[in-house]
Amino acid sequence: MSNSERTRPRTLAEALRGWGDDELGYLLRHRPDLASPMPSDTGQLAARVTTNASAARAINRLDEFSVDLLEALSALPEPVDLVSLSEGVGQPAEVVDPRLTELRRLALVWGPDDDLRPIRAVHELLGPTPAGLGPVTARHFGDLDQLIEDAGPEAREVLAKLTWGPPTGSVEKADRPVTIASAKTPVERLLARGLVVPRDPNTVVLPRQIGLHLRGGRVLATTQPVPPPLAGRPVSAGIADRAAAGAALDLVRHVDQALEQLGTEPPPVLRTGGLGVRETRSLAGRLGLDEQTVALVLEIAYAADLLAPADVGNTELWLPTATYDDWLELDTAHRWSILVGAWFAGQRAIGLVGRRDTGGATAAARERLVNALAPDLERLLAPEIRLLTMRGLALAEPGTAVSEDALVTWVAWHRPRRGGPFRDDLVRWTIAEAALLGLTGLGALAAHAHALLDEGADLAEAIQPLVPEPVDHVLLQADLTAVAPGPLVRSVQDELAAMADAESHGGGGVFRFSEGSIRRAFDLGRTSAQLHAWLTEHSRTPVPQPLSYLIDDVARRHGVLRIGAASTYLRCDDEDVITRLLGTTMPGVRFRRLAPTVLVSPASPDQVLTRLRDAGFTPLAETFDGVVHITAPAPRRGRPVRRRTSRDFADSTIELTEDQVKAVLENVRVGDRLADDRPEGGAPDVLAAPAETIGVLGNAAEAGVRTWISYVDHNGEASERIVEPVRVADGWLTAYDVDADQPRTYALHRIAAARLVES
């Protein structure tokens with residue numbers, strides 16, 4: 001046996017033990033699930049690497065060419081070397097070798113170039129027919145070309161149909177006995193020669209050896225080692241940036257308007273969560289947007305914590321949050337960057353709103369249309385595909401509007417095993433959402449959007465040059481309109497919105513005064529003098545006479561007829577009782593006299609009735625038309641708990657910090673040293689008597705010999721350690737912990753076993 005064969009690792013665990021800290025650190029960073037819980041040594045790390053769950057996470061993040069290499073390694077007869085692998089995928093070795101190195105670094109493949117081995121989980125995850133090849137048969141065929149020639153031209157046509165997969169065909173009585181002499185049909189001639197074999201009574205399958213031979217040694221017909229091109233149409237980069245900036249301003253305005261509307265008339269939260277279709281349609285009509293855009297606006301506000309459900313009395317309503325008030329104080333660029341950041345990192349698949357959820361847990365759920373703000377919109381695949389889509393747009397040539405189909409194909413090449421049709425839908429939804437968010441213009445990625453993919457860049461700073469400065473004045477026109485020459489300062493915008501209706505939006509906007517809008521300002525507490533003064537102060541043009549007349553005319557008629565609210569009325573012909581009620585103090589109940597025999601109260605009839613009876617009165621309830629009202633207690637019902645669900649938690653990704661990676665490496669190295677220093681035979685099956693253990697430790701302390709101990713901590717967990725005993729006394733062992741590189745004390749009654757370590 002040569003020295004190279006003796007030093008060649010026989011198992012994956014042995015291979016990993018030969019890795020340096022940089023290599024193991026790379027593995028942990030790219031397969032972070034291996035670190036939880038922390039592996040005790042390389043053997044445990046190797047066992048975790050080969051589990052199907054961990055390997056599936058790693059394979060699902062590979063691109064198409066890497067998956068092709070794994071399929072070829074799984075399909076080719078062992079041992080597989082670099083040359084046969086290159087021939088199997090039809091690519092030169094210099095193209096295959098770098099990608100093979102990456103697969104080794106991810107511990108999906110191990111071994112030298114002349115003996116490449118995919119881990120067991122790769123074979124299991126790729127299935128029994130990798131690359132459309134059938135199972136391996138133990139039969140020895142000899143001259144395959146001659147066998148195929150002898151089967152005849154019709155049989156060769158059957159083989160041609162099975163060559164590139166699927167490798168199975170339906171045949172009646174496939175398992176019937178047949179010989180070369182008795183074979184009559186093409187399939188029988190193939191069965192007699194073993195060129196196809198029965199898989200079950202109705203199915204034949206092409207053996208892998210035959211399939212590879214018919215393919216000329218190729219495992220895959222075509223492979224693509226580089227991603228497909230990001231083709232598209234040219235656009236003006238400057239115009240695209242300005243169009244994207246305009247969409248960004250519109251997004252901020254839409255979020256502001258939507259939340260102001262919800263703050264004024266908050267809609268209820270559905271029993272199953274989310275916002276009802278009727279409420280969404282109503283809000284869309286008020287904002288002048290389509291329902292899908294409104295859903296996106298609300299979802300982005302929800303992701304940015306600007307909108308949340310809140311309990312108001314006995315009802316749960318959608319209301320703006322306190323964060324929304326803080327958001328309003330920011331400038332436009334920072335408000336926009338907060339919205340985009342929340343969308344980019346969020347897990348909600350907004351594109352599902354208004355569609356049927358084909359991935360629902362029940363048949364009813366799959367038939368139901370998904371509501372905006374529904375609690376089950378989380379998809380862990382969403383941020384991953386969103387990031388890939390934005391990267392694809394960023395990699396395109398500047399001023400190129402990448403076609404949707406090209407981008408879908410590009411993302412599919414990078415994640416061939418993730419999502420399928422849903423992945424493609426996510427790409428299309430991301431493209432549409434990026435346009436509404438102001439990240440793309442005319443289909444091309446805007447210059448300021450590149451900051452979203454650069455961790456060190458400031459998104460708000462990137463778009464700031466394209467955001468016009470807010471103005472504090474308007475231009476009043478004789479046709480009862482006010483023109484804003486730019487985005488208005490928040491206080492000016494709020495005041496103008498109170499007295500005029502917005503007719504158009506853009507960099508500025510046009511607002512129209514009407515009788516209804518002026519009356520709205522009076523309803524909000526403004527006076528005619530305040531309106532005249534404000535318009536004079538904030539208009540760069542004189543206040544038109546028609547607008548002044550309109551304000552004065554509405555002011556003369558405003559408030560002539562008054563209306564108020566009263567939940568309860570009381571009528572009584574006895575003046576003494578009326579007087580007593582007005583002079584009586586009742587908790588939570590107040591009365592106001594409207595007529596000599598009529599009192600009203602803002603409290604509910606039930607509450608007033610209870611308080612009056614507690615005070616010694618004997619009232620009688622009646623309906624609106626004066627009929628005596630008989631009440632019966634209504635049955636009480638509790639609301640079911642609304643639970644939010646998420647999907648594919650097994651595929652959730654985590655990122656390890658450098659400190660966590662270092663801690664795992666240290667723990668693995670400590671475990672490996674313990675394994676090396678463990679006495680031959682390991683831990684004893686039968687624990688030694690305490691006196692014997694103390695004797696071993698005493699002798700080790702006296703001789704200064706390193707000792708292996710099995711120690712049980714206060715949680716009952718056993719661990720192995722190599723120590724250098726210094727002193728045994730008073731029920732404690734004082735020793736130098738070799739791995740921790742510091743002295744420690746151990747309770748003797750917790751030391752289960754001890755053995756001297758030979759130097």
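**Close-up A. Helix 29 (residues 605-614) has V608, L609 and L612 as buried residues.** Seen down the axis of helix 29, these buried residues fall within an arc of 100 degrees, so they line one face of the helix. Welcome to this structure, which is a predicted model. Turn to the face away from the buried side, and you will find the exposed residues D606 and D614. Just after helix 29 comes G616, with a positive phi of about 100 degrees.

**Close-up B. Helix 7 (residues 82-89) packs with helix 8 (residues 93-105).** The angle between the two is about 105 degrees, and their axes lie 9 Å apart. Helix 7 and helix 8 are therefore roughly perpendicular to each other, as angles of 65 to 115 degrees count as such. To trace the contact, look for L82, L85, S86 and V89 on helix 7, and for A93, V96, D97 and L100 on helix 8. By type, the residues of this contact are 6 nonpolar, 1 polar and 1 charged.

**Close-up C. H714 sits in a loop between two strands.** Is H714 buried or exposed? Its relative accessibility is 66%, so H714 counts as exposed, the cut-off being over 50%. While you are here, find R750 too: H714 and R750 are 36 residues apart in sequence, and their C-alpha atoms are 8.5 Å apart in space.

How values were computed:
Residues are numbered from 1 along each chain as its sequence is written. This is a predicted model: local features need pLDDT of at least 70, side-chain atom pairs count only at pLDDT 80 or more; totals for chains, interfaces and linings use all residues. Side-chain values use heavy atoms; hydrogens and water are left out. Helices (H or I, at least four residues) and strands (E, at least two) are DSSP runs, numbered from the N terminus. Buried means under 20% relative accessible area, exposed over 50%, partly exposed in between (1.4 Å probe, protein chains only). Axes are lines fitted to C-alpha atoms, for helices over the stretch in contact, and angles run from 0 to 180 degrees between N-to-C directions. Angles under 35 degrees count as roughly parallel, over 145 as roughly antiparallel, 65 to 115 as roughly perpendicular and the rest as oblique. Contact means heavy atoms within 4.5 Å. Ala, Val, Leu, Ile, Met, Phe, Trp, Tyr, Cys and Pro count as nonpolar, Asp, Glu, Lys and Arg as charged, and the others, Gly among them, as polar. The arc is that of the directions from the helix axis to the C-beta atoms.
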